[in-house]
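Please keep the sequence and the structure in view while reading.

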Amino acid sequence: MKKELFRMCMLPLVLSLTAGACHAQQVNLDEVKPAIVTEPVKYDTDDPAIWINKADPAKSLIIGTDKDADGALYVFDLQGKIVADKVVRGLKRPNNVDLAYGLMLNGKPTDIAIATERITHKLRIFSVPDMKPVDNGGIEMFVGENGYEYRDLMGISIYTTKDGRMYAMVGRKNGPKTGGYIWQYLLQDDGTGNVKASLVRKFGEYSGKKEIESIAVDNELGYVYYSDEQVGVRQYYADPEKGDKELSIFGTNGFKVDHEGISIYKTGDTTGYILVSDQGANRFQVFSREGTKANPFEHKLVKIVPVAARESDGSDVVNVSLNETFKHGLFVVMSTDKTFHYYRWEDIAGKQLKIK
């Protein structure tokens, strides 16, 4: 009995001795630590988006949701500090957020942040970096739907075409299993400098097992991905003119609980990595962005990265040099302790992945 106890205590564990007994808590020695942890939000972090300041990358910002009926969009600098005068408060359970560059409003290109407001069933849109509303108080989504939670907004990702058209890919808490879970809207100036959204298609299969939250778009390759939780990641064409056929579903094995946040790190025009949160295991599974010669839609698992962030829902990544800390890109991950974690891309990449 004593020999067995001794062997147990020699494992890579955090140990304490109480009344002659060995009490152990397993730790992951390969867990990647963040370079920076943000100041906490008030209620519940859920999803981040990274805005690159092209004039001065060191002044780039991270925008993250605080998911509550008295919620907010928080804005952080690259040191993880809250930029108080840019925080947008009074949002009704903002869930996910995404960013896009150069939507034409009032005749000039405008960077925008779009958040899904679950309780009101509206998209909320703000110009960046000033975080001023450009949505006339919000744009209603899934109008006409009456199924249970069919209008409760969740995921959002923006697709920008090579000719400058901009679309919002919007998901919800619940939806049909036979296609049409995701609705795609064309974003345009309504003539007053605010944004209007016109429905252009409904697409996307759903297993019915849990929900679909995370959505990510690869603008250059023209694909949209979303996590069908507890099933896998589904891939479609982002261009509505290319049809609604599902191109692939991957990551169908080896996830502990839910498939969550999706981020795309690009090492070239067609190469890179798709990072998917394995929420219950506190890790990210990394798949090839490019397919294989035999199948252009086959995304192979190339690495699993344990992270210090707990039960991550949302994430975002960029591949540009921002400052001395983030020379090769920044990976931002939500954590359940009301914070967002900032990781250096080279720490995520290790020896297995490429650095742009």
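T45 sits in strand 4, which covers residues 45-51. The model is a predicted one. Is T45 buried or exposed? T45 has a relative accessible area of 0%, and the cut-off for buried is under 20%, so T45 counts as buried.

The side chain of T45 has polar contacts with two backbone oxygens. One belongs to S335, at 2.8 Å from a polar atom of the T45 side chain. The other belongs to T339, and the T45 side chain reaches it at 3.4 Å. With neighbours within four places in sequence left aside, the residues in contact with T45 are T65, D66, M334, S335, K338, T339 and F340.

## K338, a contact of T45

K338 is among the residues that T45 contacts. K338 belongs to the loop between strand 26 (330-335) and strand 27 (339-344). Its phi is positive, about 75°, although K338 is not a glycine. The relative accessible area of K338 is 34%, so this residue is partly exposed.

## A84, a loop residue

Where does A84 lie? A84 is placed in the loop between strand 6 (71-76) and strand 7 (88-91). Its relative accessibility is 61%; the cut-off for exposed is over 50%, so A84 counts as exposed. Between A84 and T45 there are 39 residues of separation in sequence, and their C-alpha atoms are 16 Å apart in space.

## T116 and its surroundings

T116 is part of strand 9, residues 108-117. With a relative accessibility of 0%, T116 is counted as buried. A polar atom of the T116 side chain lies 2.6 Å from the backbone oxygen of M154.

M154 is also one of the residues in contact with T116 once neighbours within four places in sequence are left aside. V305 is 189 residues away from T116 along the chain, and the C-alpha atoms of the two are separated by 29 Å.

## S214 and its surroundings

S214 lies in strand 17, made of residues 212-218. Its relative accessible area is 7%, so S214 is buried. Which backbone atom of I262 does the side chain of S214 reach? The side chain of S214 reaches the backbone nitrogen of I262, at 2.9 Å.

Apart from neighbours within four places in sequence, S214 is in contact with N96, Y225, Y226, S227, E260, G261 and I262.

The peptide bond between V128 and P129 is cis, with omega of about 15°. P129 is located in the loop between strand 10 (122-128) and strand 11 (132-133).

N136 is found in the loop that runs between strand 11 and strand 12 (139-140). This residue has a positive phi of about 55°, yet N136 is not a glycine. At 56% relative accessibility, N136 is counted as exposed.

## The chain as a whole

How many helices and strands does the protein chain have? It has two helices and 27 strands. The radius of gyration of the chain is 21 Å, close to the 21 Å that the globule rule gives for 356 residues, so the chain is as compact as a globular protein of that length. Taken along the principal axes, its C-alpha atoms fill a box of roughly 75 × 50 × 40 Å.

Of the 356 residues in the chain, 54% are buried. T45, T116 and S214 are among the buried residues. Among contacts between residues at least 6 apart in sequence, 48% join residues at least 24 apart.

## Surface and charge

The chain exposes about 15,800 Å², and carbon and sulfur atoms supply 49% of this area. There are 46 positive and 49 negative side chains in the chain. The centres of these two sets lie 4 Å apart.

Technical notes:
Residues are numbered from 1 along each chain as its sequence is written. This is a predicted model: local features need pLDDT of at least 70, side-chain atom pairs count only at pLDDT 80 or more; totals for chains, interfaces and linings use all residues. Side-chain values use heavy atoms; hydrogens and water are left out. Helices (H or I, at least four residues) and strands (E, at least two) are DSSP runs, numbered from the N terminus. The radius of gyration is taken over C-alpha atoms; the globule rule is 2.2 Å times the number of residues to the power 0.38. Buried means under 20% relative accessible area, exposed over 50%, partly exposed in between (1.4 Å probe, protein chains only). Contact means heavy atoms within 4.5 Å. Accessible areas come from the Shrake-Rupley method with a 1.4 Å probe; for residues, only the protein chains shown count as cover. Lys and Arg count as positive and Asp and Glu as negative; His and the chain ends are not counted. The place of a charge is taken as NZ of Lys, CZ of Arg, CG of Asp or CD of Glu. A polar contact is a pair of N or O atoms within 3.5 Å; within protein, one must be able to donate a hydrogen and the other to accept it, and residues adjacent in sequence count only if both atoms are side-chain atoms.
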